[in-house]
Structures are given as structure tokens and as C-alpha cells.
Amino acid sequence: MFSQNDYYDQQFANCTATSQRFSDIEFEQCQFIECDFSQSQFSSCRFIDCEFINCNLSDLSWNYSSLEEVSFKSCKLNSIVWGQVNWPQLALTAPVSFKDCQLSHSSFYELPLKALRMTDCFAKDVDFRHANLAASDFSGTDFRDSLFHQTNLSRANFVGATQFNIDIKNNDVSRAKFERFEALNLLTGLDIELVD
């Protein structure tokens with residue numbers, strides 16, 4: 001499907017490449033629209049300033065590919081181990097963003113993704129343990145059954161987020177923003193009784 005090693009300012013639309021392996025390709029300022037790369041593998045590829053829109057990337061293996069300023073909008077990104085990405089060492093902010101995506105059964109374990117944008121997403125059963133997600137924007141995201149343990153969530157925005165179960169004794173939530181009603185979820189690990 002990809003015959004070249006470098007693509008610049010290209011648009012790929014309605015591509016179907018399931019269970020394929022692509023390696024050593026660089027994409028810069030490319031747009032992927034309604035493509036299906038589910039169960040495929042991008043091995044040692046590089047994505048710079050790219051956009052994925054309405055794509056199915058579930059069960060995708062990144063296999064040491066690098067992502068730099070990549071946005072995902074309305075994509076299926078279920079069952080992905082994000083630790084396989086070759087993340088930049090000194091990034092001050094997360095080099096990826098997610099808007100209106102499905103991220104269920106995925107793992108961000110131990111990743112340093114400060115200022116991550118994950119808005120209006122469905123993130124069921126996602127592993128965020130030991131990750132540094134300081135100053136991230138999680139507004140409007142459903143976190144049902146997701147794991148937070150020793151996660152840095154300081155200054156994170158959870159306004160409009162739902163179904164999160166965050167133990168405030170084992171996670172850093174200093175200066176994080178929560179809606180008043182949903183913030184009651186933060187008290188579940190304290191073994192206290194709430195009375196109206």
C-alpha cells in the first residue's frame with residue numbers, strides 16, 4: 001500500500017489495510033481519513049504533525065514508531081499498548097491528542113505524557129498506573145473501570161469527565177479540577193459514610 005519511504009502533505013482516505021506490517025516509513029503533515037489499520041503494525045515508522053480522522057486503529061502495534069504532534073479524532077483505538085511508541089525523551093507536553101475517540105482496554109502504563117488532551121473520549125478499562133499526566137485535559141471523557149495508581153494528575157482537568165475511580169491517597173490530584181457532583185467519586189477510597 002505504501003510504496004515510498006517518505007510521504008509529505010498527503011491525504012489517505014478510505015484505505016483498508018488490516019493485519020498488515022509497514023516499516024521504516026516517514027509521514028509528515030499527512031491526513032488519514034476513514035482508514036482501517038486494525039490489527040496492523042507500524043514498525044519504526046515516524047509520524048510528524050499528522051491527523052487521523054474516523055479511522056479504525058484497534059489492536060494496532062506501534063512497534064517503536066514515533067509520534068510527534070499527532071491528533072486522533074473520532075477514531076477507534078481500542079486494545080493498544082501505547083508503551084510501544086518511541087516517545088520523545090524531552091517532550092514538555094504530550095505529542096499526541098485524542099478527541100471523541102474510543103480508547104478502551106488500552107495501556108498508558110508509566111508513560112510521561114504531561115498536558116495530554118483526551119477529551120470527550122470513551123476510555124473503559126484503560127491502564128494509567130504510574131503515568132505522569134500532569135496538566136492534562138480529560139474533560140468529557142468516560143473512565144469507567146480504568147486504573148489510576150501512583151498517577152500524577154496534578155492540575156488535570158476532569159470537568160465533565162465521568163465514572164473515574166481515583167484513590168486520592170495513591171494518586172497526585174493536587175490542583176486538579178473536578179465537577180462538584182463527580183468529585184464525590186474521589187471519596188470512595190476513604191472508608192467514610194456520606195450523609196445528605
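Reply: Let us begin with a definition: a contact means heavy atoms within 4.5 Å. The model shown is predicted. Among contacts in the protein chain between residues at least 6 apart in sequence, 12% join residues at least 24 apart.

Me: What makes Phe42 a neighbour of other residues in this sense, and which residues does Phe42 touch?

Reply: A contact requires heavy atoms within 4.5 Å. Leaving aside residues up to four places away in sequence, Phe42 touches Phe2, Phe22, Phe27, Phe37, Phe47, Leu60, Ser61, Trp62, Asn63 and Ser65. Phe42 itself lies in strand 6, which covers residues 41–43. The C-alpha atoms of Phe42 and Val85 are separated by 9.8 Å, and these two residues are 43 apart along the chain.

Me: Why does Phe42 count as buried?

Reply: Buried means under 20% relative accessible area. Phe42 has 0% relative accessibility, and therefore counts as buried. In the protein chain, buried residues make up 44% of the 196 residues.

Me: Which elements does the protein chain have, and in what order do they run?

Reply: The protein chain has zero helices and 12 strands. From the N terminus on, the elements run β-β-β-β-β-β-β-β-β-β-β-β.

Me: Why is the protein chain called as compact as a globular protein of that length?

Reply: The globule rule gives 16 Å for 196 residues, and the radius of gyration of the protein chain is 18 Å, which is close to that value; therefore the chain is called as compact as a globular protein of that length. Along the principal axes, the C-alpha atoms fill a box of roughly 65 × 30 × 25 Å.

Me: How do you know which strands stand at the edges of the sheet of six strands?

Reply: Two strands pair if there are at least two bridges between them. Six strands form an open sheet in the order 2-5-8-10-11-12, with parallel pairing. Strand 2 (11–13) and strand 12 (117–119) each have a single partner strand, so one side of each is left without a neighbour in the sheet. Neighbouring strands of this sheet are turned by 10 degrees against each other on average, direction ignored.

Me: What makes strand 11 and strand 12 a pair?

Reply: The requirement is at least two bridges. Strand 11 (residues 96–99) and strand 12 pair over three bridges, in the parallel sense. Lys99 has Thr119 in strand 12 as its bridge partner.

Me: Which strands form the sheet of four, and which are its edge strands?

Reply: Four strands form an open sheet in the order 1-4-7-9, and the pairing is parallel. Strand 1 (6–8) and strand 9 (66–68) are the edge strands, as each pairs on one side only. Strand 1 and strand 4 (residues 26–28) run parallel and are joined by three bridges. Asp6 stands opposite Glu26 in strand 4.

Me: How do you know how many disulfides there are?

Reply: A disulfide is a pair of cysteine sulfur atoms within 2.5 Å. By this rule the count is zero. For Cys45, the nearest cysteine sulfur is that of Cys50, 11 Å away, and Cys45 is in no disulfide. For Cys50, the nearest cysteine sulfur is that of Cys30, 4.9 Å away, and Cys50 is in no disulfide.

Me: Why does Cys45 count as buried?

Reply: The cut-off for buried is under 20%. Cys45 has 2% relative accessibility and therefore counts as buried. Cys50, at 2% relative accessibility, counts as buried.

Terms used:
Residues are numbered from 1 along each chain as its sequence is written. This is a predicted model: local features need pLDDT of at least 70, side-chain atom pairs count only at pLDDT 80 or more; totals for chains, interfaces and linings use all residues. Side-chain values use heavy atoms; hydrogens and water are left out. Helices (H or I, at least four residues) and strands (E, at least two) are DSSP runs, numbered from the N terminus. Axes are lines fitted to C-alpha atoms, for helices over the stretch in contact, and angles run from 0 to 180 degrees between N-to-C directions. The radius of gyration is taken over C-alpha atoms; the globule rule is 2.2 Å times the number of residues to the power 0.38. Buried means under 20% relative accessible area, exposed over 50%, partly exposed in between (1.4 Å probe, protein chains only).
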